[in-house]
Amino acid sequence: MAAIDLNADLGETVDGVPTADDEAMFAVVSSASVACGGHAGDAASMTDAVRRATARGVAVGAHPSFVDRAGFGRVALAVAPETLRRQVRQQIDALVAAGADLRYVKPHGGLYHAVTRDAEAAAAVAAAVAEVSERLGRALPILGMPGAIARAAADRGLPFRLEAFLDRGYLPSGALVPRTDPGALLHDADVVAARAVALVADGVVEAVDGSTIRVDAASLCLHGDTPGAVAMARAVRAALDAAGVAVRAPW
């Protein structure tokens, strides 16, 4: 039976207020990328996310970001590599301190995109993950898109896992459509579900211009704070079930 991971960004509370229906999303996903204080989340939300994940058998990943709560971590910031390494390590450490049996690390937002193209930022993130991995006694995989971060992970002896986005538009280059541009977000549950099946069955995703992009993904992402996220997630699970695809964490 074919299998795929389905992940969502969860635990993203702002001033104690959730930005997503975490309870509903935890019931559908197999992995949760939990905000750990850089762009959202706090000690209470991390503890709650770990509790929910444990109850549902969902794998927990750390979702560190640039320290930018005002911008929700979605803007690329100029941060010295050593400072970035320390900030990312502190965020991952905070989630471990909240009781997480950590399975992977996925950068968030502006940091996610920065580490695909910026070798110094990628090296800083990989160094932070390697430090935590050494303390835990196992190499934590990094989840992301192709680019500098994949090379930095390899340099540190860390596994790298490729993901694809179900609710984001793709450019013909394989990059995501910027959130400020038309077509950046998908909202039709049927379209998103069909994309999930195509990614598993054929390893392809359709770009905004109609061209086809090859994506050999180990994990599929739905953003928990996207409008209609729960309906899309449920549609994806139903479509994958109907196609005979098992949804389970690979970590």
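Which helix and strands each supply at least two residues of the lining of the largest pocket? They are helix 4 (109-117), strand 8 (160-165) and strand 10 (212-214), where helices (H or I, at least four residues) and strands (E, at least two) are DSSP runs numbered from the N terminus. The model is predicted, so local features need pLDDT of at least 70 and side-chain atom pairs pLDDT 80 or more, while totals for chains, interfaces and linings use all residues. Residues are numbered from 1 along each chain as its sequence is written, and side-chain values use heavy atoms, without hydrogens or water.

**View 1. The largest pocket, with a volume of about 600 Å³.** Of its 33 lining residues, Tyr-112, His-113, Met-145, Arg-168 and Leu-176 are the closest to its centre. A pocket is an open set of points on a 1 Å grid over the protein atoms alone, where a 1.4 Å probe fits, with protein on both sides within 12 Å along at least five of seven lines, and lining residues have an atom within 4 Å of a point. Helix 4 gives the largest share of this lining, six residues.

**View 2. The second largest pocket, with about 170 Å³ of space.** Its lining includes Leu-186, Arg-195 and Glu-206, and helix 7 (189-202) and strand 9 (204-206) each supply at least two of the lining residues.

**View 3. The largest nonpolar core, with 77 residues.** Leu-6, Leu-95, Leu-166, Tyr-170 and Leu-220 have the most contacts inside this core, to which helix 5 (residues 119-136) gives the most, nine residues. Such a core joins buried (under 20% relative accessible area, 1.4 Å probe, protein chains only) Ala, Val, Leu, Ile, Met, Phe, Trp, Tyr and Cys residues through side-chain atoms within 4.5 Å.

Technical notes. Points joined across faces, edges and corners; volume = space filled by probe spheres on them. Buried < 20%, exposed > 50% of the residue type's maximum accessible area, 1.4 Å probe, protein only.
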